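I opened the model today and kept notes as I went. The entries follow in the order of my look-ups.

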Amino acid sequence: MNSSKSIASFFAALLLMLAPQAVFAQANPANIEPMAPEAATPQNDVSPLVGAGERGDAAAGADAYVPMGPEMIKGQPESGAFGFQEQYSKDGQYALWMHNAILLPIITVISLFVLALLLWVIVRYNRKSHPKPSRTTHNTLIEVIWTVVPALILLVIAVPSIRLLASQYEAPPADAVTIKATGYQWYWTYTYPDNGDFEIISNMMPEDEAEAKGFPAQLEVDNRMVVPVNTPIRLQTTAADVIHSFAVPSLWFKLDAVPGRINERIFQVEEPGIYYGQCSELCGARHAYMPIAVEALPRDRFEAWVRAQGGTVGDEPAGETVELGEGAEAADGAGEDAADGTESEAEGAENDTVAVGARGTGRRS
Ligand SMILES: [Cu+2]
């Protein structure tokens with residue numbers, strides 16, 4: 001790192017510490033002083049991170065993020081259920097309406113009509129009751145009807161269908177919050193590039209622990225993907241090893257996560273709550289054990305959570321926290337042990353940028 005970047009990051013950290021945020025209230029101003037002379041030297045990458053760490057502690061004290069309990073679960077599969085899960089996104093609600101009010105009635109009527117025709121032919125025109133077959137080959141009226149009516153039915157279906165398709169692939173607005181979900185064998189990481197680029201590592205919660213806490217086994221995770229409610233999100237997916245697929249049925253969302261590519265789709269949750277999903281592309285031995293848990297929070301609670309992870313909100317300078325990518329590489333080991341691995345890495349390297357990443361990822365254990 002060169003010295004000008006170091007100086008810039010020092011001022012960035014200083015600004016952060018002086019910012020009049022309630023969550024910073026407990027940061028001890030005395031700690032700002034000793035850092036000043038050190039920060040000017042090129043080899044000192046530490047001081048802004050000490051500041052970032054203190055911000056995390058302050059946030060944890062004043063306005064701590066507490067993961068939602070099982071009473072807030074909204075989207076999850078139910079034993080013996082039939083049909084779609086209840087929908088908590090606009091596209092999902094529209095799609096569910098289209099399925100229930102348009103597709104299902106049309107399918108039912110057509111199936112019954114064809115069944116009736118078949119029964120009529122079987123009963124009325126079998127060899128016994130109708131020994132001498134008619135030699136009729138054409139009937140213009142019937143031919144026009146059986147061409148025009150299906151075309152009209154397709155037209156009726158096409159209108160809401162194309163509308164839904166367009167809405168699903170609408171480009172997110174410029175002020176959308178960007179979240180990048182990366183699939184690994186076999187866990188997910190969530191990066192928040194608009195908020196200081198911190199990373200959350202999300203592993204399945206052990207089944208007995210999840211059940212003891214009242215969460216669905218094999219769906220609950222140690223660190224959820226936290227999103228702001230009623231806010232357009234630019235959800236990007238990619239993968240680090242093989243193809244995975246990010247899918248949350250109750251939010252009408254499924255997008256493949258392909259190594260070397262970024263896929264992107266707009267994502268919006270209408271209500272605070274917990275929404276469960278799973279990797280939906282066969283990706284190896286533990287494909288079934290890399291669930292997705294989305295926690296939607298009101299905007300202010302989301303921002304408090306971001307700060308507690310060492311991230312930034314709005315125009316706050318990002319400082320050195322943008323280098324959290326290293327945390328991800330440190331965790332690139334066995335899937336189950338990823339989060340633990342990062343924590344131990346952080347203990348040994350408190351003066352490294354990884355420390356902030358681990359602080360973010362290790363909060364819930
Ligand atoms: Cu997968």
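Predicted model: local features only at pLDDT ≥ 70, side-chain atom pairs only at ≥ 80, totals over all residues.

**Entry 1: terms and ground rules.** I count two strands as paired if DSSP finds at least two bridges between them. Helices (H or I, at least four residues) and strands (E, at least two) are DSSP runs, numbered from the N terminus. Residues are numbered from 1 along each chain as its sequence is written.

**Entry 2: confidence.** I looked up pLDDT, the predictor's confidence in each residue, from 0 to 100. The protein's mean is 77, and 69% of its residues reach 70 or more. Residues 10-62 stay under 50, yet the model has 81 contacts for them beyond four places in sequence. Residues 318-365 are also below 50, with 109 contacts in the model beyond near neighbours in sequence. I call two residues in contact if their C-beta atoms, placed from the backbone, lie within 7 Å.

**Entry 3: overall counts.** I found 10 helices and 11 strands in the protein. Of its 365 residues, 37% are buried. My cut-off for buried is 20 or more other C-beta atoms within 10 Å of the residue's own; 12 or fewer is exposed, and in between is partly exposed, with C-beta atoms placed from the backbone. I then took contacts between residues at least 6 apart in sequence: 71% of them join residues at least 24 apart.

**Entry 4: strand 10.** I asked which strands pair with strand 10, and in which sense. Strand 1 (residues 73-75) pairs with strand 10 in the parallel sense, over 2 bridges. There, Gly-75 has Tyr-275 as its bridge partner. Strand 7 (residues 244-248) pairs with strand 10 in the antiparallel sense, also over 2 bridges. Ala-247 faces Gln-278 in that pairing. Strand 11 (residues 291-297) is antiparallel to strand 10 and joined to it by 6 bridges. Tyr-275 has Val-294 of strand 11 as its bridge partner.

Entry 5: Next I traced an open sheet of 5 strands, in the order 4-3-2-6-9, with mixed pairing. Strand 4 (198-202) and strand 9 (263-267) are at the edges with a single partner strand each, so one side of each has no neighbour in the sheet. Neighbouring strands here are turned by 25° against each other on average, direction ignored. For that angle, axes are lines fitted to C-alpha atoms (for helices over the stretch in contact), and angles run from 0 to 180 degrees between N-to-C directions. Strand 6 (residues 233-239) runs antiparallel to strand 9, with 5 bridges joining them. Gln-236 is opposite Glu-264 of strand 9.

**Entry 6: strand 3.** Is strand 3 covered or uncovered? It is mostly covered: 6 of the 6 residues of strand 3 (residues 187-192) are buried. I checked both faces. Tyr-187, Thr-189 and Thr-191 are buried on one side, and Trp-188, Tyr-190 and Tyr-192 are buried on the other. In a regular strand, side chains alternate between the two faces of the sheet. Strand 2 (residues 177-184) pairs antiparallel with strand 3 over 5 bridges. Thr-182 has Thr-189 as its bridge partner. A hairpin of 2 residues links strand 2 to strand 3. Strand 3 also pairs antiparallel with strand 4 over 5 bridges, and Thr-191 has Glu-199 as its bridge partner there. These two strands form a hairpin with 5 residues between them, and Gly-196 in the turn has a positive phi of about 95°.

**Entry 7: the core.** I define a nonpolar core as a set of buried Ala, Val, Leu, Ile, Met, Phe, Trp, Tyr and Cys residues joined through C-beta atoms within 7 Å. The largest has 51 residues; Ile-179, Met-225, Val-227 and Val-294 have the most contacts inside it. I followed Val-227, which is in strand 5 (residues 225-228). Val-227 counts as buried because it has 24 C-beta neighbours inside 10 Å. Leaving out residues up to four places away in sequence, Val-227 touches Ile-179, Ile-233, Val-269, Val-294, Ala-296 and Phe-302. I also checked Pro-298, 71 residues from Val-227 along the chain: their C-alpha atoms are separated by 8.5 Å.
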